[in-house]
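Please read the paragraphs below alongside the sequence and the model.

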Amino acid sequence: MTIDTRPGAATVTVTVTVNGRPQRREVPARTLLVHLIREELALTGATVGCDTSSCGACTVLLDGRSVKSCTLLAAQADGADIGTVEGLADGDRLHPVQEAFHEHHALQCGFCTPGMVLAAVSLLAEHPGPLTEQEVRHGLKGNLCRCTGYHNIVRAVLAVDAARHAG
């Protein structure tokens, strides 16, 4: 990361890899990661929902772990590998979590879905052993959904977990 120290200049150059593609942008120093992703890179899956880090709609993967991108400055992600919902599918083939959300009707309006899917991907990666319903609910508690009541979301995550342990 380079910081422009000229008088009156308050920009930083941020270099990240997003969905496998290197990106380099000069942005105002106070740019939030979510705004870098949405406005500079035109990836709109991460959504600004609450501006208080309470809803999780802005969740992305930062070096494989879910983070709320509205809580980080873009400069804090310099050098990181960032994953967004746009990068999960392999061509026309959905990621297993995306497929499970579809199969189990784990979405309604879709506003929270990208963040919820990425939080689930991170949860599954962080917990190699079989997950319980309570562990899934606890693992996703930082992501709010106002439409589904969470039941089908939990079922979808448990289905992916069961499939990965079935072989």
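D161 and R164 are 3 residues apart in helix 5, so about one helical turn separates them. Helices here are DSSP runs of H or I with at least four residues, strands are runs of E with at least two, and both are numbered from the N terminus. The side chains of D161 and R164 meet in a salt bridge, with 2.8 Å from N to O. A salt bridge is counted when a side-chain nitrogen of Lys or Arg lies within 4 Å of a carboxyl oxygen of Asp or Glu. D161 is buried, at a relative accessible area of 3%, whereas R164 is partly exposed at 33%. Buried means under 20% relative accessible area, exposed means over 50%, and partly exposed is in between, using a 1.4 Å probe and protein chains only.

This is a predicted model, in which local features need pLDDT of at least 70 and side-chain atom pairs count only at pLDDT 80 or more, while totals for chains, interfaces and linings use all residues. Residues are numbered from 1 along each chain as its sequence is written, and side-chain values use heavy atoms, with hydrogens and water left out.

Helix 5 covers residues 151-166, and its 16 residues should span 22 Å at 1.5 Å a residue; the end C-alpha atoms are 22 Å apart, which agrees. The expected span is 1.5 Å times one less than the number of residues. Which residues of helix 5 are buried? They are I153, V154, A156, V157, V160 and D161. These residues lie on the same side of helix 5, because they cover an arc of only 160° around the axis. The arc is taken from the directions from the helix axis to the C-beta atoms. The buried residues of helix 5 pack against helix 2 (96-103), helix 3 (113-126) and helix 4 (133-139), where contact means heavy atoms within 4.5 Å.

The count of salt bridges comes to 3. One of them joins R137 to E133, with the closest N and O atoms 3.0 Å apart. R137 and E133 are 4 residues apart in helix 4, so they too are separated by about one helical turn. R137 is partly exposed at 34% relative accessible area, and E133 is partly exposed at 41%.

R65 forms a salt bridge with E126, and here the closest N and O atoms are 3.8 Å apart. R65 lies in strand 5 (residues 65-68) and E126 in helix 3, so this pair ties together parts that are 61 residues apart in sequence. R65 is exposed, at 51% relative accessible area; E126 counts as partly exposed, at 34%.
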